[in-house]
Number of protein chains: 2
Amino acid sequence: MPAMTDTNTKTNWKLTLAYDGTDFHGWQVQPTPVPSQKPTIQGTLAEAIAHVSGEQVLPQGSGRTDSGVHAAAQVASFTLVAPIPAANLLRALNRALPPSIRILAAEQVSPDFHARHSAIGKIYRYQIFQGTICSPFLARYVTCCHWPLDLAAMQQAAALILGEHDFTSFAACDPDRTTRMQSPHQAPRSNARHIAVSEWSTDPNTRILTYTIQGNGFLHHMVRNLVGTFMEAGRGRISPTSITEILEAQDRRQAGPTAPAPGLCLMQVLY
Amino acid sequence: MPAMTDTNTKTNWKLTLAYDGTDFHGWQVQPTPVPSQKPTIQGTLAEAIAHVSGEQVLPQGSGRTDSGVHAAAQVASFTLVAPIPAANLLRALNRALPPSIRILAAEQVSPDFHARHSAIGKIYRYQIFQGTICSPFLARYVTCCHWPLDLAAMQQAAALILGEHDFTSFAACDPDRTTRMQSPHQAPRSNARHIAVSEWSTDPNTRILTYTIQGNGFLHHMVRNLVGTFMEAGRGRISPTSITEILEAQDRRQAGPTAPAPGLCLMQVLY
């Protein structure tokens, strides 16, 4: 009974990993890789796992991150036949990976854990640098904005997305690339998401505006489209209260531009 | 009298610049560039100056930084015929340069100012990360050290280089690549340097050990060779007091290994 043996002896792994997304073409392995293209996080991780365990697996992330987007604590899951102690897997993977990807934790989890399906929420952070000259040591992790932004207006706009809303207006136009935290048994996907935290803060010393958002799921480009729209409110180009109308319109064209990738970081996946 | 006109109308410029050295092949333009090689800071800056002013100049740095070494405030000088307001030159250069190089200040200075010859000292910082897993957001700017280091022993060793010493034991074996802050009228170069600050500090929150050194000049690899030797003392492989004997030996083989480039940052050039 090879199938049964196989299932019984495989270990389900949960990795928590941080990465600097600048030099990667996003999380997801590309179906037809271009030779000159940057590597992907998923592909680089799969290679490291193969190097360490000799097994070819495709680690499943909690969701995709776009090219240039960072993660302080992305979560990935996969199964291995090889019986490797968790501490050894952690050490060996970090030895095999480039310094721009670090495994922070490796845990053996129950067979029903899945990095994406089991997730019940995520926290993202977006950083905007408001100074004139952005330090090269900061440039990879912030979006520079040279015009002044009205933090009160951005905060007012951000508060209007709290609770459950249809975020079609803030989704990229490729709906099949949306992700949602749901069990496979749930109803077909909708663009409704629940937002528990949506707030701006500022550090006058660093001149960095930080946006924090926690939701039960995010559509493709949703955080960057929200931030781009909040920045329009901060710049005085739209009224902060227009966020409500934009949500109701369910029309991407009503919202602001997609904010650049480098300011975005996946901070935590909630299970 | 074109020569005189030329001298009279040229402006001598002093630039203060920061850079993330990770993706550069050091400061210095290479005599025979290899196509696959990383660009240099000096070459990238020269291209930006040519783009902005239409003039081909080779900006002179206060000294070379090696491949992978960073600068928080390197200084470069060069002359231009084009009469450009300082604020415009600053803005235009930052527009032409990659985000990994930022001009922090552009000043018109007297014709006798020279970034290297006029310098009377420099401050460098070296950072060592003492944790097990180094964040990808930190990895470019620190050297990771997994074994424990005795800070008291490193501090004791560091204090022994204060004052004037011959640093031959801590110089790379290519003496023509040494730099010294001296006027062209001074005696022939020696390997004697005066060190005003040499100290270690630690931040338990970040687990980063920081070495700060201020001297009137530095030989090639001198800071990294000092740090590599202090780490040997911190690891208990040599006695902290052996620094004195190593200095006296004037023999590179007596000192420790060259510490890796990424931990090093040129913090300030003194004039």
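Tutor: Let's begin with a term: a residue counts as buried when its relative accessible area is under 20%. Keep in mind that this is a predicted model.

Student: How many residues of H5(A) are buried?

Tutor: In H5(A), 13 of 13 residues are buried, so by that cut-off the helix is mostly covered.

Student: What span does helix H5 of chain A reach from its first C-alpha to its last?

Tutor: Helix H5 of chain A takes in residues 222-234, and its 13 residues reach 18 Å, close to the 18 Å expected at 1.5 Å a residue. Just after H5(A) comes A:Gly236, with a positive phi of about 85°.

Student: At what angle do helix H4 of chain A and H5(A) pack?

Tutor: Helix H4 of chain A, residues 151-159, packs against H5(A) at about 135°, and their axes are 8 Å apart. Angles over 145 degrees would count as roughly antiparallel and 65 to 115 as roughly perpendicular, so H4(A) is oblique to H5(A). Their crossing is right-handed.

Student: Which residues of H4(A) and H5(A) meet there?

Tutor: From H4(A) come A:Ala153, A:Met154, A:Ala157 and A:Ala158, which meet A:Phe230, A:Met231, A:Ala233 and A:Gly234 of H5(A). Sorted by class, the residues of this contact are 7 nonpolar, 1 polar and no charged.

Student: Now for another pair in chain A. How far apart are the axes of helix H2 and helix H3?

Tutor: Helix H2 (residues 41-53) and helix H3 (residues 86-96) of chain A have axes 9 Å apart and pack at about 120°. H2(A) and H3(A) are therefore oblique to each other, and H2(A) passes H3(A) in a right-handed crossing. On the H2(A) side the contact uses A:Ala48, A:Ile49, A:His51 and A:Val52, while H3(A) brings A:Leu89, A:Ala92, A:Leu93 and A:Ala96. This contact has 7 nonpolar residues, 1 polar and no charged.

Student: Which residues is B:Leu226 in contact with, leaving aside neighbours within four places in sequence?

Tutor: B:Leu226 is in contact with B:Ile161, B:Phe167, B:Phe170 and B:Ile213.

Key. Residues are numbered from 1 along each chain as its sequence is written. Chains are lettered from A and ligands numbered from 1 in the order in which they are written. This is a predicted model: local features need pLDDT of at least 70, side-chain atom pairs count only at pLDDT 80 or more; totals for chains, interfaces and linings use all residues. Side-chain values use heavy atoms; hydrogens and water are left out. Contact means heavy atoms within 4.5 Å. Axes are lines fitted to C-alpha atoms, for helices over the stretch in contact, and angles run from 0 to 180 degrees between N-to-C directions. Helices (H or I, at least four residues) and strands (E, at least two) are DSSP runs, numbered from the N terminus. Angles under 35 degrees count as roughly parallel, over 145 as roughly antiparallel, 65 to 115 as roughly perpendicular and the rest as oblique. A crossing is left-handed if the near helix is turned anticlockwise from the far one by less than a right angle, and right-handed if clockwise. Ala, Val, Leu, Ile, Met, Phe, Trp, Tyr, Cys and Pro count as nonpolar, Asp, Glu, Lys and Arg as charged, and the others, Gly among them, as polar. The expected span of a helix is 1.5 Å times one less than its number of residues. Buried means under 20% relative accessible area, exposed over 50%, partly exposed in between (1.4 Å probe, protein chains only).
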